[in-house]
Amino acid sequence: SRAPLGCGEIGDSNFKSSSSTYTYLLADTNTKEAVIIDPVLETVDRDLKLIKELGLNLTVAVNTHCHADHITSTGLMKQRVAGLKSAISKFSGATADIHLTEGDNIPFGRHSLTVKETPGHTDGCITLVTGDQTMAFTGDALLIRGCGRTDFQQGCAEKLYHSVHEKIFTLPDECLIYPAHDYLGQTVSTVGEERKFNPRLTKSMEEFVELMNNLNLPKPKKIDISVPANLVCGLHHV
Ligand SMILES: N[C@@H](CCC(=O)N[C@@H](CCS)C(=O)NCC(=O)O)C(=O)O
Ligand SMILES: [Fe+2]
């Protein structure tokens, strides 16, 4: 599904796949420079069609972390879009054209995304915040009324608690939260809402750690193919 984000100057769309992943496409409507966040292999044709229709010049494809539940389309997109660069955290262990660290900027026209390192779900998790702090793309660090699990891929509940409280909950209350997944079809929240109502992150750190260490969730079905593939931009089979 594609839903307008209603974010004025920044071109808009979000997508959902069978892994309930949201892909975000941001663009400067004047210069047409665009950035895509967390593109999924299954939906590469749809995404490239939209980018072409809108006449966008896609410059960077960024992953918020090395995903465990689906394969990224970053590598394939690079083969199909001249000049496209892939980006991911330096601490993800994955190959990419750009290795991101705290405070880095990803510019697109008159806009930009700033990198905040938010480890805990994985060591290489980042949150991408627009220059005006009106939007934060939180990957699996902060989900709507939830958060990423911390039981694989260097997961650490204590680290995640600090990341969310120090790097995301310190953003303005009005800042919109766009997560990498939602399993209930929710599309957007705000920092203020999550600070108040997130059932996990409103707990004390000790309670949070206890809860996260006892979630006993089944492993993502595609973890064994996704992680090795995503360490090489999704191109393990080429
Ligand atoms: N059933 C899905 C996997 C669901 C899952 O584990 N989601 C992760 C995020 C993707 S790595 C998560 O952190 N969930 C948090 C939670 O509380 O559910 C599949 O088989 O792919
Ligand atoms: Fe994840």
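This is a predicted model: local features need pLDDT of at least 70, side-chain atom pairs count only at pLDDT 80 or more; totals for chains, interfaces and linings use all residues.
Residues are numbered from 1 along each chain as its sequence is written, chains are lettered from A and ligands numbered from 1 in the order written, and side-chain values use heavy atoms, with hydrogens and water left out.

**Pocket and cavity**

- The largest pocket holds about 710 Å³ of space, and among its 29 lining residues Ser-19, Asp-69, Arg-149, His-181 and Tyr-183 come closest to the centre.
- On a 1 Å grid over the protein atoms alone, a pocket is an open set of points with protein on both sides within 12 Å along at least five of seven lines, while in a cavity a 1.4 Å probe fits but cannot get out; lining residues have an atom within 4 Å of a point.
- Grid points are joined across faces, edges and corners, and a volume is the space filled by probe spheres set on the points.
- The whole structure has 1 cavity of 30 Å³ or more, and about 60 Å³ of space lies in the largest cavity.
- Of the 13 residues lining the largest cavity, Asn-63, Ile-88, Thr-95, Asn-230 and Cys-233 lie nearest its centre.
- That cavity's lining has 6 nonpolar, 7 polar and no charged residues, and strand E6 (residues 85–89) gives the most to it, with 3 residues.

**Iron site**

- His-65 (NE2), His-121 (NE2) and Asp-140 (OD) coordinate the iron ion (ligand 2) at 2.0 to 2.3 Å; donors are N, O and S atoms within 2.8 Å of the metal (3.2 Å for Na, K and Ca), and sites may look incomplete because water is not among the atoms.
- Along the chain, the donors of the iron ion (ligand 2) are spaced H-x55-H-x18-D.
- His-65 sits in the loop between strand E5 (57–62) and helix H2 (74–80), and Asp-140 in the loop between strand E11 (135–139) and strand E12 (142–143), so the pair ties together parts 75 residues apart in sequence.
- Both His-65 and Asp-140 are buried (under 20% relative accessible area; exposed is over 50% and partly exposed in between, with a 1.4 Å probe and protein chains only).

**Sheet**

- Helices (H or I, at least four residues) and strands (E, at least two) are DSSP runs, numbered from the N terminus, and two strands pair if DSSP finds at least two bridges between them.
- Six strands form an open sheet in the order E8-E9-E10-E11-E14-E15, with mixed pairing.
- Strand E8 (105–108) and strand E15 (189–190) stand at the edges with a single partner strand each, so one side of each has no neighbour in the sheet.
- E11 and E14 run parallel, joined by 4 bridges, whereas E14 (residues 176–179) and E15 pair in the antiparallel sense over 2 bridges.
- Leu-176 is the bridge partner of Met-135 and also stands opposite Thr-190 in E15.

Methods
Ala, Val, Leu, Ile, Met, Phe, Trp, Tyr, Cys and Pro count as nonpolar, Asp, Glu, Lys and Arg as charged, and the others, Gly among them, as polar.
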